[in-house]
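Here's a quick tour of the fold you have on screen.

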Amino acid sequence: MAREQLVDGHGRQIGDVRVSVTDRCSFRCQYCMPAEGMPWLARDELLRFEEIERLVRLLAEMGVGDVRLTGGEPLVRRDFPRLAGMLAKIPGVADLSITTNGFLLERDSQALVEAGINRFNVSLDALQRDRFYEMTRRDALPRVLRGLETLAAFPEAHPIKINAVAIRGFTEQEIPAFVRFAREHPYEVRFIEFMPLDADRNWKPESVLRGEEIRALVEQIEPLEPETREPHATARTYHFADGRGRIGFINPVSEPFCADCNRIRLTAEGKLRTCLFSINETDLRGPIRDGASDDDLEEIIRAAVWRKELKHRVNEPGFIQPARSMSAIGG
Ligand code: SAM
Ligand code: SF4
């Protein structure tokens, strides 16, 4: 059943939903989770697969055809490939993607490809084992690299994107290795500016290593040529001038792309968030479990999305960091 296109009060058509399937994770990245002491949702608080499917179906009927599965770490949710398969079959879901830390890709790549996931983002912040450990607090680099190789063996999984969070004082040293990595493998490496969504609340404006600064450092090693930006794309992409390899920059802090933002988010416990930095969220699990009809849910979703924030205020005085950190939002 087709419904009217989902739009916000600023005239933006919403076409993309990020669905968090768990708040749990196998890593403890410095820029995301605390080293310990994170309280987990109880199992019953999580949306069930059927509830996620119902909401994604409803959103797809409203023109939200790009679905990205995330977390926490999505692959730690039990039976996750079955959920991916359920969502891939929904009419109107045009693109089903996943963001993962790669730790379980050796085990799951085949099941994910078979389930119908057609785009993969793998997070990887350092290419030296001790520095990977420093950032993720887990000694898992060899395993993540093996997982990537397993995934790369499936032609359907390409193009594979590698996401590296860029932090001043850390990432500069990784750049030569990432340039080699992007040139020697069929992966597009993308640097993401560090955002104030870390549970430890260590973010400072000075800790953001801006995309432009990284690009200048990359160009000292290999010249780049810009590519045309797709509508709603978060990344500015470049290829190396000799045609070997691609690299991208996601610059939410230094070059916010809010004006063009077509995304909403659903947390693991069923809260609808209209911005990464939202202070308010809208509960969908309660109404679902209280017997709301699809039309009731549509009304709640439309009202929430109508109030989607015009832009984030990270660079403004008085910015308030959301109570939730990235792993609890679903990045
Ligand atoms: N666990 C999966 C992973 O790491 O790919 C999926 C969830 S993770 C929250 C999604 C993405 O958000 C990852 O690429 C991660 O690097 C990024 N991220 C987490 N905290 C961030 C922060 N404070 N600033 C920028 N990106 C962040
Ligand atoms: Fe886990 Fe991803 Fe957050 Fe790292 S960024 S702690 S892998 S959820």
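In this predicted model, 12 strands come together as an open sheet with mixed pairing. Reading across, the order is β7-β8-β9-β6-β5-β4-β3-β2-β1-β10-β11-β12. The edges are β7 and β12 (282-283), each of which pairs on one side only.

**Sheet and core**

- Strands β1 (residues 16-20) and β2 (residues 66-70) run parallel to each other, paired over five bridges.
- Within that pair, V19 has L69 of β2 as its bridge partner.
- L69 turns up again in the largest nonpolar core, a set of 103 residues, where L69, F80 and I301 have the most contacts inside the core.
- Helix α1 (residues 49-61) gives this core its largest share, seven residues.
- Leaving out residues up to four places away in sequence, L69 touches V19, V21, P74, F80, A84, L87, L96, S97, I98, T99 and I117.
- As a rule, nonpolar side chains in soluble globular proteins tend to be buried together.

- Helix α6 is mostly covered, with seven of its 10 residues buried.
- The buried ones in α6 are I175, A177, F178, V179, F181, A182 and R183.
- Among the elements covering those α6 residues are α5 (141-152), β5, β6, α7, β8 and β9.
- Over in α7 (residues 211-219), the buried residues are G211, I214, R215 and V218.
- Seen down the α7 axis, these buried residues fall within an arc of 100°, so they line one face of the helix.
- That kind of spacing makes sense because an α-helix has 3.6 residues a turn, so residues three or four places apart point the same way.
- The cover over the buried α7 residues includes β5 (160-166), α6 (175-184), β6 (187-193), β7 (224-226), β8 (235-240) and β9 (246-250).

**A loop residue: Q173**

- Q173 sits in the loop between β5 and α6.
- Is Q173 buried or exposed? Its relative accessibility is 53%, so Q173 counts as exposed, the cut-off being over 50%.
- Q173 and A126 are 47 residues apart in sequence, and their C-alpha atoms are 9.1 Å apart in space.

**Ligand 2**

- Which residues surround ligand 2? They are C25, F27, C29, Y31, C32, M33, G72, N101 and S327.
- Sorted by class, the shell around ligand 2 holds six nonpolar and three polar residues, with no charged ones.

Conventions: Residues numbered from 1 in each chain as written. Chains lettered and ligands numbered in written order. Predicted model: local features only at pLDDT ≥ 70, side-chain atom pairs only at ≥ 80, totals over all residues. Heavy atoms only, no water. Core = buried A, V, L, I, M, F, W, Y, C linked by side-chain atoms within 4.5 Å. Buried < 20%, exposed > 50% of the residue type's maximum accessible area, 1.4 Å probe, protein only. Helix = DSSP H or I, 4+ residues; strand = E, 2+ residues; numbered from the N terminus. Contact = heavy atoms within 4.5 Å. Near = heavy atom within 4 Å. Nonpolar A, V, L, I, M, F, W, Y, C, P; charged D, E, K, R; others polar. Arc of directions from axis to C-beta. Pairing = 2+ DSSP bridges.
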